[in-house]
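Subject: Handover of a structure, with findings

Dear colleague,

Please find the structure below, handed over for your records. A written account of what was found in it comes after.

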Amino acid sequence: MSNLLLQLSHISKRFASANQTIDVLEDLNLSIYEGTSVAITGKSGSGKSTLLHIAGALDAPSGGEVYFKGILLDYYDDQLLSEYRNRHIGFIFQSHFLLDDFSALENVFIPSLIAKEKRSIMVKRAKELLDKVGLSSRLHHKPFQLSGGEKQRVAICRALMNNPSLIIADEPTGSLDEQTAQEIEQLLIQLVREEHKTLLLVTHEKQLATLCDTSYLLSNGRVTPIDE
Amino acid sequence: MFLLKVGWRYAFSRSNRHNSVSIVIVIGIAIGLLALLTLLSVMNALQYEQLDHIRSIDSFHIQLKTNLQTHQVKEHLKEIQAIEHMYQFVDTQSIVSQKGSSQSVTARLRIIEPSFLTDSNPFKSNSSLWTETSTTATVAMGLPLSYAIGVRPNEQIGVTFIAPGKTVTLSPQYKEISVDSLFRSHLDEFDQKTIIIADPEFLHLYDQGRHTYGIYLTKRDLRKVGSVVKQIQNILPESEVLSWQQLNSALYSALLLEKMLMYLFLWLMFFIIAINLKSASMRLVYVKQRELAILRSLGVRKEFSSHLFVVQGAFITLLGEAIGLMLSFVVIRNFNTILHFADRIYFMIYQRHSAVLLFPFQTYLGVGEVIGISVGVCALSLFFSYLGARSLLKKEPMEIVRNE
């Protein structure tokens, strides 16, 4: 059995507004092992994205613990959490979340720029990644000059740029048409396998979920395995 | 470098969808700075002119009281390069009447060395002197005073004044003299009350006791009046030396108070600009919150994010200030041309010229004032950019974009 990479233990998340409180996650437990791919499915509003954000330290849980390689993230200060997001996690959001003011190439190597890596090395790697996803001719295009599928490919390259242990993808094909979605799904799974990454994926697409090693259903704030 | 690069792109990139916010802030800062500097330069000009008239006409730049004779004083003070002119003089009260008339008025009699009315000194450059062509001015009367007693040039007046006597300390003297010139300065009060007699015979009446000398400094040394006073005191320790500020202390205090109030109003203006800057800077940060969340998710630290918005604010502020300074320079340098242009429009509307718009302003702005205001605007802008970023950084990255 491979090593435990990420462990979510008794996680709860509560959103409170002026007149109501919503418990999105309640006593959720999930373990993700290195080199595996995990899909989370569930209805809209079931808390799938919230779960991913907590796993990636983009949001804080209301209760419970998140362990990364056995270390509790609560012990991390801002610097260590930033380093965790930068070096160990690669995010792919539903709506690509590229930086409008930067070209495709720059968007891809920004995580390495933040990590203060040597420019020549990061440009070379970014070009290689963009080449793999078929965007070598679109290096200097700004996001507004790219199609939805192209933007999502750039986002996938950016997630892989710093060679993170864990790729977190939040409905990466949710905003794309069916054909493009299938292409991106294939590409994501292929790249994750090629680069030996761990994948935590939220999706509505059953087809995409079946491509992963394990699938879970998120319902009533908890995850339950889905038997094939 | 990354910080500067991102800051610059966030501020001015053409693909930036919030570019217009940056441009509006740049324009706001430029106009604000233009308004502040122009107003300050005009107020400085008015104050400078007022002070210049007081020290050039009413009093001298420095007044010196000593027992020494003119040639001795000149010999002692010849080393002080800042001194341009020096005149022995006496200011005394008198009763003046037109010869043969019973109508009389009280006036200040300034008895002074003859060269005072012939040298090109600050008094001459700040006033107009009308003299009969064939004569050299020796008795000059303020124009309003001549109207008051009905005297025209070359007419005789009787002057009663007090001078040291031969057997008594002071004795009244009566002299009949011919008014050979009239003057008009920018100080009406001085013109209404003063007769200048530039005649050595009159000065001889005051030979006994201490003499008073009026000193004018060169224009470039005008600001060093305090140090010149100290130099004179060191050279002539028995003398009594007073600067124009000390001689007109009440008026000088009033002008200082006026200047303080002027600064207060300027800072109030500045405060209004600061409120606009604050809301603009906050808006700049809020429109970038999505990018901030993305950067945080990519591993950017909170500290970096706040620096980023401060750098972005700095770029916008510096550009706004550069434009504002250039505009201010052009406007201040051409202020009279602008006023004359405004007067032309005024003339087209009302068929007469405006006395206010034709007033010859000599706008003035110190380097320190320009730097102070520029630094103030910049610091305020950066502070509010930082405040805006800080309010966002309290949130978790995904919290920032939850409602996007």
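Predicted model: local features only at pLDDT ≥ 70, side-chain atom pairs only at ≥ 80, totals over all residues.

Residues are numbered from 1 along each chain as its sequence is written, chains are lettered from A and ligands numbered from 1 in the order in which they are written, and side-chain values use heavy atoms, with hydrogens and water left out.

The two chains

Chain A contains 7 helices and 10 strands, and chain B contains 15 helices and 11 strands. Helices (H or I, at least four residues) and strands (E, at least two) are DSSP runs, numbered from the N terminus.

Contact means heavy atoms within 4.5 Å. Among the contacts of chain A between residues at least 6 apart in sequence, 72% join residues at least 24 apart. For chain B, residues 24 or more positions apart account for 78% of the contacts with a separation of 6 or more.

The largest pocket

Grid points are joined across faces, edges and corners, and a volume is the space filled by probe spheres set on the points.

The largest pocket holds about 1,100 Å³ of space. Its lining comprises 39 residues, and those nearest the centre are Tyr48(B), Glu49(B), Asp52(B), Arg55(B) and Leu222(B). Two or more lining residues come from each of helix 2 (19-58), helix 4 (122-125), strand 4 (127-131), helix 9 (244-247) and helix 10 (249-286) of chain B. Helix 2 of chain B gives the largest share, 10 residues. By type, the lining has 14 nonpolar, 15 polar and 10 charged residues. In this scheme Ala, Val, Leu, Ile, Met, Phe, Trp, Tyr, Cys and Pro count as nonpolar, Asp, Glu, Lys and Arg as charged, and the others, Gly among them, as polar.

Where does the largest pocket lie in relation to domain 1 and domain 2 of chain B? The pocket lies between them, because domain 1 (2-49 + 253-403) and domain 2 (89-221) both give residues to its lining. The domain bounds come from an automatic or database domain assignment.

The largest cavity

The count comes to 1 cavity of 30 Å³ or more, and the largest cavity has about 80 Å³ of space. Residues of both chains line this cavity, including Phe91(A), Arg158(A), Ser297(B) and Leu298(B). Strand 6 of chain A supplies the largest share of the lining, 3 residues. The lining divides into 5 nonpolar, 4 polar and 2 charged residues.

Helix 3 (residues 104-114) of chain A is mostly covered, with 11 of its 11 residues buried. Just after this helix, Lys116(A) takes a positive phi of about 60 degrees.

Phe2(B), in helix 1 (residues 2-12) of chain B, is buried at a relative accessible area of 11%. Beyond its neighbours within four places in sequence, Phe2(B) is in contact with Ile110(A), Leu113(A), Ile114(A) and Phe304(B). The C-alpha atoms of Phe2(B) and Leu308(B) are separated by 9.4 Å, although the two are 306 residues apart along the chain.

Two further buried residues

Thr198(A) belongs to strand 8 (residues 198-202) of chain A and is buried, with a relative accessible area of 2%. Its side chain reaches the backbone nitrogen of Gly35(A) at 2.8 Å.

Asp191(B), in helix 6 (residues 188-193) of chain B, is buried with a relative accessible area of 0%. Residues touched by Asp191(B), leaving out those up to four places away in sequence, include Gly142(B), Phe183(B) and Arg184(B).

Yours sincerely

Terms used:
1 Å grid on protein atoms, 1.4 Å probe; cavity = no way out; pocket = protein on both sides within 12 Å on 5 of 7 lines; lining within 4 Å. Buried < 20%, exposed > 50% of the residue type's maximum accessible area, 1.4 Å probe, protein only. Polar contact = N/O pair within 3.5 Å; in protein donor to acceptor, adjacent residues only side chain to side chain.
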